[in-house]
Amino acid sequence: MKVSGKVNRVRRKIMYFLTNKLGQDKYKNRSICQEDIKNVLISRPNNRLGNQLLITPLVQEISELFPNCRIDLFVRGGVANVLFENFDNIDRIIKLPKKPFKELIPYIRTWFTLRNRRYDIVINVIQGSSSGRLSTILSRADYKFFNNPVKELQAAYPDYKHMAKNPVYNLRYALQQAGLTGLMDNPIPTLNIRLTQEELAQGKAVLQDIVRNDKKTFCIYTFATGDKCFSEAWWQEIYGKLKDKYSATYNILEVLPVENVSQIGFAAPSYYSKDLREIAAVIAHSELFLLADCGIMHLASVTPTPIVGLFSITDIPSYQPYGHHSIAIDTRTAGMDDILQEVDRILTIQSSN
């Protein structure tokens, strides 16, 4: 059964209308002992690469707060297996089919698995996710956090809206109400998929095999989905400017998407892989990554490489890259000269380290 994007959008609106008022946080007037937390469920039933990467700070936060706990993930699609393979405390990854209307029986069966285990804590990552709220309601747990907005946190923390940081702030606030103190002003973890030293070494070898020189490298990624993708003419113009300014001292490497397309007509040396962990390991050895807002931008955020994220339609406070001198640029108000200025600033910082 093929369901159009329009039908899916209507379905999501109906489900949100039916579920956005359901579920109240189940922790008030109850204390939490960190040593007693053994099983945690995190619910983010979405299959997009970026959205699953954005829960890695929450996973790290829970691992730090409750070092003896095991974590189950309720997700959609298969990418979580790759992203979380080196998290030793991830127990089960409960996966909804990526296309539920084509796999209706497995889809329904997966929902029932939520009842198979009792949890100490269940966390819905996104307040507006109808599936997340339903999974939190259906699960059996002593403490349930629906990630409802907290007005005092909105006023206190300018980055409260960020999709990776918001559930961490809300969890800390909820735990504070339940008796745990001193959490709110700790640094929010950055995105992380725990690349191993072996993976990083392999990434370095792959990069060196492409460039075959001693110059440092910075990467570009010219693709993005839908309206987030800049035109070929735009990318060709900025690539020409980057090449004129930096090619004498830097390699400019284009990281290609899974679709194996290039907005600059493959004019630069390029790297193609379907291995997400290898892609991250290659990016980790570059000086900078310039690209539009997309899942690969969030994948690059798991590395120490600074990111210049180009935003044209997406809400910057919700999705901007953070950490490692990364920056988001609103291309509706900033031009190519502004972008080049930020590239130059970051490369200067990198060269001084």
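I began with Ile-108, which is partly exposed at a relative accessible area of 39%. The scale I used calls a residue buried under 20% relative accessible area, exposed over 50% and partly exposed in between, with a 1.4 Å probe and protein chains only. I noted that this is a predicted model, where local features need pLDDT of at least 70 and side-chain atom pairs count only at pLDDT 80 or more, while totals for chains, interfaces and linings use all residues. Residues are numbered from 1 along each chain as its sequence is written, and side-chain values use heavy atoms, with hydrogens and water left out.

**Entry: helix H5.** I located Ile-108 in helix H5, residues 104-113. Helices (H or I, at least four residues) and strands (E, at least two) are DSSP runs, numbered from the N terminus. Together with Leu-104 and Phe-112, Ile-108 makes a nonpolar surface patch of about 310 Å². A patch takes residues with over 30% relative accessible area and no salt bridge, joining nonpolar side chains (Val, Leu, Ile, Met, Phe, Trp, Tyr) within 5 Å and like charges within 9 Å. A salt bridge here is a side-chain nitrogen of Lys or Arg within 4 Å of a carboxyl oxygen of Asp or Glu. Areas come from the Shrake-Rupley method with a 1.4 Å probe.

**Entry: strand S1.** I then looked up strand S1, residues 39-43: 4 of its 5 residues are buried, so the strand is largely enclosed by the rest of the structure. S1 runs parallel to strand S2 (residues 70-76), joined by 5 bridges, and Leu-41 stands opposite Asp-72 there. Strand S4 (residues 118-124) is also parallel to S1, with 4 bridges; in S4, Ile-123 stands opposite Ile-42. Two strands pair if DSSP finds at least two bridges between them.

**Entry: the open sheet.** I traced 6 strands in an open sheet with parallel pairing, in the order S8-S7-S6-S9-S10-S11. Its edge strands are S8 (270-271) and S11 (327-330), each pairing on one side only. Strand S10 (residues 307-311) pairs with S11 in the parallel sense over 4 bridges, and the bridge partner of Leu-310 in S11 is Ile-329.

**Entry: Asn-251.** I found Asn-251 in strand S7, residues 250-255. Is Asn-251 buried or exposed? At 9% relative accessibility, Asn-251 counts as buried. A polar atom of its side chain lies 3.0 Å from the backbone oxygen of Lys-215. Not counting residues up to four places away in sequence, Asn-251 touches Val-211, Asn-213, Lys-215, Lys-216, Thr-217 and Phe-218, where contact means heavy atoms within 4.5 Å.

Methods
Polar contact = N/O pair within 3.5 Å; in protein donor to acceptor, adjacent residues only side chain to side chain.
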